[in-house]
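Hi everyone, thanks for coming. Let me put today's protein on the screen, and then we can walk through it together.

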Amino acid sequence: NRILSVNPAFTRITGYAAEEIIGQTPKVLNSGKHPKEFYKRLWDTLLSTGSWQGEIENRRKNGEIYTEWLSINVLKGEDDAVIRHIAVFSDITDAKKAQETIERQAA
């Protein structure tokens, strides 16, 4: 579960340059906001269905917490063995803040 490649959007969102992050595990982004059970459910779903998606809070290089919408898919080989996990995410921090403001104002 090591990071093999990233794109410029990853660098822009997380603050990590490719050369800093490649070879690391995704745990480097861990915000500490989710209990172990959250990750257990994520991995259970990923292993049983081949995909997982949802909101997750992660940490940028500068320590700032951000919310992302994350989709992870399993890539399998011909023998059905897992070759890779492919993750794609979007920073939804601003959208979450706007939603919270609207909900507060509506209450």
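Let's begin with the largest pocket, whose volume is about 1100 Å³. A pocket here is an open set of points, on a 1 Å grid over the protein atoms alone, where a 1.4 Å probe fits, with protein on both sides within 12 Å along at least five of seven lines. Points are joined across faces, edges and corners, and the volume is the space filled by probe spheres set on them.

Before going on, a word about where this comes from. The model is predicted, so local features need pLDDT of at least 70 and side-chain atom pairs count only at pLDDT 80 or more, while totals for chains, interfaces and linings use all residues. Residues are numbered from 1 along each chain as its sequence is written, and side-chain values use heavy atoms, leaving out hydrogens and water.

Which residues lie nearest the centre of the pocket? They are I3, P26, I72, H85 and A87, out of 32 lining residues, where lining means having an atom within 4 Å of a point. The elements that give two or more residues to this lining are α1 (8-14), α3 (36-49), β1 (51-59), β2 (65-76) and β3 (82-91). Helices (H or I, at least four residues) and strands (E, at least two) are DSSP runs, numbered from the N terminus. The biggest share, eight residues, is given by β3. By type, the lining has 21 nonpolar, seven polar and four charged residues. Nonpolar covers Ala, Val, Leu, Ile, Met, Phe, Trp, Tyr, Cys and Pro; charged covers Asp, Glu, Lys and Arg; the others, Gly among them, are polar.

Now the strands. Three of them form an open antiparallel sheet in the order β1-β2-β3. Because β1 and β3 are at the edges with a single partner strand each, one side of each has no neighbour in the sheet. From one strand to the next, the twist averages 30 degrees. (Pairing means that DSSP finds at least two bridges between two strands.)

Take β1 and β2: they pair over nine bridges, with Q53 opposite S71 and E57 partnered by T67. Five residues separate these two strands in their hairpin, and G63 in the turn has a positive phi of about 95 degrees. Moving along, β2 and β3 also pair antiparallel over nine bridges, and L70 has F89 as its bridge partner in β3. Their hairpin has five residues between the strands, and D80 takes a positive phi near 70 degrees.

Axes are lines fitted to C-alpha atoms, for helices over the stretch in contact (heavy atoms within 4.5 Å), and angles run from 0 to 180 degrees between N-to-C directions.

The structure holds six salt bridges, each a side-chain nitrogen of Lys or Arg within 4 Å of a carboxyl oxygen of Asp or Glu.
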